Amino acid sequence: MTTQQNHAATEAANTADDGLVKAIARVAHETVAAHNTAYGDYSTPPWERLPDSERAHVLAKVTAFLNNPDLHPTAQHGPAVAVLSASQRAAAYVFHGVVHAIAREQTRD
């Protein structure tokens, strides 16, 4: 990558303050909450009731996925990925899929 391309990529990087990032985070979170409910896990609160620290975490995940398109859906779990249940792994893939689907839709001509 040339210096000019690298600079352009840095300027185009998404941040947690971007309106699109916030919208994607909300939709992805609510989708995962619905997924969890379908599996009998009612512990995921709606976006409006998320503590600020958890919202910041969701925004950071969205930002990471948007700025690093090749990042694996479970990358945010680190070594703990080995102990995730099938439902938790599925939720990570759902979250990742929603983030990228909305981002692709926003860039369509």
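## Salt bridges

A salt bridge here means a side-chain nitrogen of Lys or Arg within 4 Å of a carboxyl oxygen of Asp or Glu. This is a predicted model, where local features need pLDDT of at least 70, side-chain atom pairs count only at pLDDT 80 or more, and totals for chains, interfaces and linings use all residues. Residues are numbered from 1 along each chain as its sequence is written, and side-chain values use heavy atoms, leaving out hydrogens and water.

The structure has 2 salt bridges. One pairs R26 with E48, with 1.9 Å between the closest N and O atoms. R26 sits in helix α2 (residues 19–38) and E48 in the loop between α2 and α3, so the pair ties together parts 22 residues apart in sequence. (Helices are DSSP runs of H or I, at least four residues, numbered from the N terminus.) E105 and R108 form a salt bridge too, at 3.3 Å from N to O.

## How exposed the partners are

Relative accessible area sorts these residues: under 20% is buried, over 50% exposed, and in between partly exposed (1.4 Å probe, protein chains only). R26 is partly exposed at 35%, and E48 is partly exposed at 48%. E105 comes out partly exposed at 44%, while R108 is exposed at 60%.

## Where α3 meets α4

Turning to the helices, the axes of α3 (residues 52–67) and α4 (residues 86–106) come within 10 Å and cross at roughly 60°. Axes are lines fitted to C-alpha atoms, for helices over the stretch in contact, with angles from 0 to 180 degrees between N-to-C directions.

The contact (heavy atoms within 4.5 Å) involves V58, K61, V62, F65 and L66 of α3 and F95, H96, V99, H100 and A103 of α4.

Terms used
Helices (H or I, at least four residues) and strands (E, at least two) are DSSP runs, numbered from the N terminus.
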